Amino acid sequence: MSEEKIICNVCFRHCCLSEGETGFCRVRKNEGGENVSVNYGLLTSLALDPIEKKPLARFMSGSMILSVGSFGCNMRCPYCQNYEISQASLAESKVIRMSPEELVSAAERERPNGNMGIAFTYNEPSISFEFVRDTARLVKEAGMKTVLVTNGCVSLEVLREFLPWIDAMNVDLKGFTEDYYKWTGGDLSMVKAFIEESVKKGVHVEVTELILPGHNDSEEETEALAAFLAGLSPSIVLHITRSFPRWKELSFDPPSASTILKLCLAAMKHLKYVVPGNI
């Protein structure tokens, strides 16, 4: 058995893993000195959804997409909407195993129901980039589309492993300050670089900011976020979305519809397309 320790390069955490040890995300593992994904082909969720639910407002509107999720995440947002799977390990998850070929075949069978491809969503898919990459290649060969719903908190090296086969993505940009990202357990600069690289490579990018009262609901922060996106492309769609109590954040009142609309107006000083959510 190898005693070699490895440094995981998937995200900013750079977990140092001994043989058999799993990283912070509960997905990356040292097996014989190799950095492997323990959830390759292991699915916790499978559903045919409207593309607008990802949310994507300006990509193949009216289509359906086969949405798949696994378990694990490299962030710890206290308000996580899917914490039952994103914050779970393999031992805590009920899974089914599907190869990339089986998953693409399932997507093709749903074509008569309006399906146009596969969306990797629900937990954080980019930490399992090998499965995303291998499946997305086959999706492309089948003449369908691949969508990624992601926190964008992985290295450019990892992003480039699967980006050539991604058609569209929604990036959950939690807020626009380093302090907020410390609270959610992420890295703002890494997410900004992820978005910039994806736009540069011609991927259709939309961004969601989930608004939590007292944390990321100032007009100034929203306008700064919108200005950053507009500097990459003024056609990026920004979804400004109302949050609800979940997981560890159960005591706040959801932001009002008027707050969401006020923030949308601030963002529209820079962006063409701003969409209010959950109001």
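Helix axes here are lines fitted to C-alpha atoms over the stretch in contact, and the angle between two axes runs from 0 to 180 degrees between N-to-C directions. The model is predicted.

## Helix packing

Helix α7 spans residues 219–232 and helix α8 spans residues 257–267. The two pack at an angle of about 40°, with their axes 8 Å apart. Angles under 35 degrees count as roughly parallel, and 65 to 115 as roughly perpendicular. α7 and α8 are therefore oblique to each other. Their crossing is right-handed. On the α7 side, the contact uses Glu 219, Thr 222, Glu 223 and Ala 226. These meet Lys 262, Leu 263, Ala 266 and Ala 267 of α8. By class, this contact of α7 with α8 has four nonpolar, one polar and three charged residues.

α7 also packs with helix α6, residues 188–200. Here the angle is about 30°, and the axes lie 10 Å apart. α6 and α7 are therefore roughly parallel to each other. The crossing of α6 and α7 is right-handed. Lys 192, Ile 195, Glu 196 and Val 199 represent α6 in the contact, and Phe 228, Leu 229 and Leu 232 represent α7. The contact of α6 with α7 holds five nonpolar and two charged residues, with no polar residue.

A further pair is α2 (residues 100–109) with α3, packed at an angle of about 45°. Their axes are 9 Å apart. α2 and α3 are therefore oblique to each other. α2 passes α3 in a right-handed crossing. From α2, the contact takes Pro 100, Glu 101, Leu 103 and Val 104. From α3 come Phe 131, Asp 134, Thr 135, Leu 138 and Val 139. Six nonpolar, one polar and two charged residues make up the contact of α2 with α3.

The geometry of the pairs is set out below.

| Helix pair | Angle | Distance between axes |
|---|---|---|
| α7 and α8 | about 40° | 8 Å |
| α6 and α7 | about 30° | 10 Å |
| α2 and α3 | about 45° | 9 Å |

## The largest pocket

The largest pocket holds about 850 Å³ of space. Its lining has 34 residues. Nearest the centre of the pocket lie Lys 54, Gln 81, Asn 82, Val 149 and Asp 172. Strands contribute to this lining. β10 (145–150), β11 (168–172), β12 (204–211), β13 (237–242) and β14 (273–277) each supply at least two residues. By class, the lining of the pocket divides into 12 nonpolar, 15 polar and seven charged residues.

Lys 54 also takes part in a cis peptide bond. The bond joins Lys 54 to Pro 55, with omega about -5°. Pro 55 sits in the loop between β6 (45–50) and β7.

Two cavities reach 30 Å³ or more. The largest cavity has a volume of about 110 Å³. It is lined by 15 residues. Gly 69, Ser 70, Phe 120, Ser 128 and Phe 131 lie nearest the centre of this cavity. Which elements give two or more residues to its lining? They are β5 (42–43), β7 (64–69) and α3 (129–141). The lining of the largest cavity divides into seven nonpolar, seven polar and one charged.

The second largest cavity has a volume of about 70 Å³. Its lining includes Cys 8, Cys 11, Cys 15 and Cys 25. Val 10, Arg 13, His 14, Gly 23, Phe 24, Arg 28, Asn 74 and Ile 127 also line the second largest cavity. By class, this lining has seven nonpolar, three polar and two charged residues.

His 14 lies in the loop between β1 (6–7) and β2 (16–17).

How values were computed: Residues numbered from 1 in each chain as written. Predicted model: local features only at pLDDT ≥ 70, side-chain atom pairs only at ≥ 80, totals over all residues. Heavy atoms only, no water. 1 Å grid on protein atoms, 1.4 Å probe; cavity = no way out; pocket = protein on both sides within 12 Å on 5 of 7 lines; lining within 4 Å. Points joined across faces, edges and corners; volume = space filled by probe spheres on them. Helix = DSSP H or I, 4+ residues; strand = E, 2+ residues; numbered from the N terminus. Nonpolar A, V, L, I, M, F, W, Y, C, P; charged D, E, K, R; others polar. Parallel < 35°, antiparallel > 145°, perpendicular 65-115°, else oblique. Left-handed = near helix turned anticlockwise from the far one by under 90°. Contact = heavy atoms within 4.5 Å.
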